[in-house]
Amino acid sequence: MDYTDKYKLWLTFDENTKAELEAIEDEKEIEDRFYKDLAFGTGGLRGIMGAGSNRMNRYTVGKATLGLAQYIKSQNEGEISVAIACDSRLNSTDFLWCAARVFASQGFKVYAYHTIVPVPVLSFTTRYLGCNAGVMITASHNPKEYNGYKVYDSKGCQFCTEDAKNAIGYINKIDDYKNIYTSCKSKDEYIADGRIVPIYENELAAFVEAVKEQSVYTENSDLKIVYTPLHGTGLVPVTKVLENLDVTVLESQRTPDGNFPTVKSPNPEDRAALTLAIEKAKEIGADLVLGTDPDCDRVGIAVRNGDDFVLFTGNQTGALLVKFICEMHKAELNEKSTLVKTIVTSELGANIGRSYGVQVEETLTGFKYIGDKINKYEASGEQEFVIGYEESYGYLVGTHARDKDAVVSSMLICQMAAWYKNRGKTLLDGLNEIYSDFGFYLDYLDSFVLKGKDGAEKIQSLMVDFRSKGTSLLPDISEIIDFSTGIRDLPKENVLKYIFTDGSWMAVRPSGTEPKIKVYYSIVDPDRDNAKSRLENIRKVIGEIINA
């Protein structure tokens, strides 16, 4: 069917859906809602909420769940179980129980969190309860209009290429999904017959204890911290692992709320999201601001610098964590010890790891690939996971989870700040020491939003254009790595990475979860002003190409 046929079909689904669709006057809006079905990307199923096959709603959640259930049953025998959880976003609870009921209708035993929890808790729980799979209803740090559906395997790792491809195959075979959700029994009926088992207290307590096992520094310190969960899931677990530190929770952002009323976007990568926390930190004389995104898998920090605060990038925090973890575990590191980072993450942390004798491995963008590495290390015994991270503010220390974990990261960042403070230094001092030892790295990310069918087509056209320009794109390009051709043992991915003669690099990739094309820059230069000038010149060229 073309998008107009799909639109007409959806008018028959229910009265609320019909009313929402009939109220749309813009033909482009109708096209965007129906020109495709939501598909798995680097973060699973993710989209704007609303009626339509290209939106997050009960019908698309029901269809994804039924197809996923069929795939899981094809791979397993006997009783099959799934863990499921959600964050604080609008409709997350509704989508959770929709998915839980569809799984239960397919004979699954469903362990469903009856209270919001972070992504890493769901990853942990899937393994902890011995489930065959896990589902997390979340759209991470996206704006409030979005929601999503992350799928995990029995190890608590997000579905990687093969599993995602196979699951999508089952999902796409479902043509008539109008009655998938409505034909299920009620939540209470499934709970009464034991098909759905509500969980929370015991599983969360076990997760917190597993996080605390990663603690590396417990000396007393007068470090003062302001923490904001940005209206998300982080409040309970993060404050539990920081209970021995001086932490002030930002009252205006502590309550879970999918409208995110105090921020434009609940993304700790953006200074605006931490503005209120920084104001509170100035008021009480705090040293550190800590902010976790709604599903508490990413964490951003701001560090006091005189009377103001400096926001750290994900690469900067990651480099500091690599040094701190390696220093704290120095006596235990061996030839198997391994750091895992993504192909668009700075080399700074990797070089720090290498200085401690740690191996470095790279994965494609998406923390699922880091989780997959952990699974492979455990199976082979040939390597030992030390730390994994990506430039987009996601870190993991420990193997209690197979996804980025802002709970353990928050604990270790605060311990790291306390370690520096007890030595008369700040994290900014620590970062400058790293630059002195390893050179200055200036990292930056540009995201260009290109919505709708036209935007998707332009993104693909731009990738063709970038490939055709080759080394003529910019001066001093020594090598182009095209990951779509298959590089090393990595799955093929639509990513281009340009290596400059001095070791600086730039990468271009379409987002797997949003209508964006992303451009990553990493400039290596001993002169900071020169690095900034070079970055601006490159950004100008790229911006002109994309905005043409």
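Select Cys-160 and Cys-157 in this predicted model. The closest cysteine sulfur to that of Cys-160 is in Cys-157, at 4.4 Å. A disulfide needs the two sulfur atoms within 2.5 Å, so 4.4 Å is too far for a bond. Colour Cys-160 by accessibility next: its relative value is 14%, and Cys-160 counts as buried because the limit is under 20%.

Now go to Cys-131. Its closest cysteine sulfur is again in Cys-157, but here the separation is 16 Å, also too far for a bond. Is Cys-131 buried or exposed? With a relative accessibility of 3%, Cys-131 is counted as buried.

Searching the whole structure for cavities of 30 Å³ or more gives three. The stop here is the second largest cavity, whose volume is about 120 Å³.

To find the second largest cavity, select Asp-37, Leu-38, Thr-60, Lys-63 and Ile-171, the residues of its lining that lie nearest its centre. The lining has twelve residues in total.

Finally, colour the lining of the second largest cavity by residue class. Seven of the residues are nonpolar, three are polar and two are charged.

Conventions: Residues are numbered from 1 along each chain as its sequence is written. This is a predicted model: local features need pLDDT of at least 70, side-chain atom pairs count only at pLDDT 80 or more; totals for chains, interfaces and linings use all residues. Side-chain values use heavy atoms; hydrogens and water are left out. Buried means under 20% relative accessible area, exposed over 50%, partly exposed in between (1.4 Å probe, protein chains only). On a 1 Å grid over the protein atoms alone, a cavity is a set of points where a 1.4 Å probe fits but cannot get out, and a pocket is an open set with protein on both sides within 12 Å along at least five of seven lines; lining residues have an atom within 4 Å of a point. Grid points are joined across faces, edges and corners, and a volume is the space filled by probe spheres set on the points. Ala, Val, Leu, Ile, Met, Phe, Trp, Tyr, Cys and Pro count as nonpolar, Asp, Glu, Lys and Arg as charged, and the others, Gly among them, as polar.
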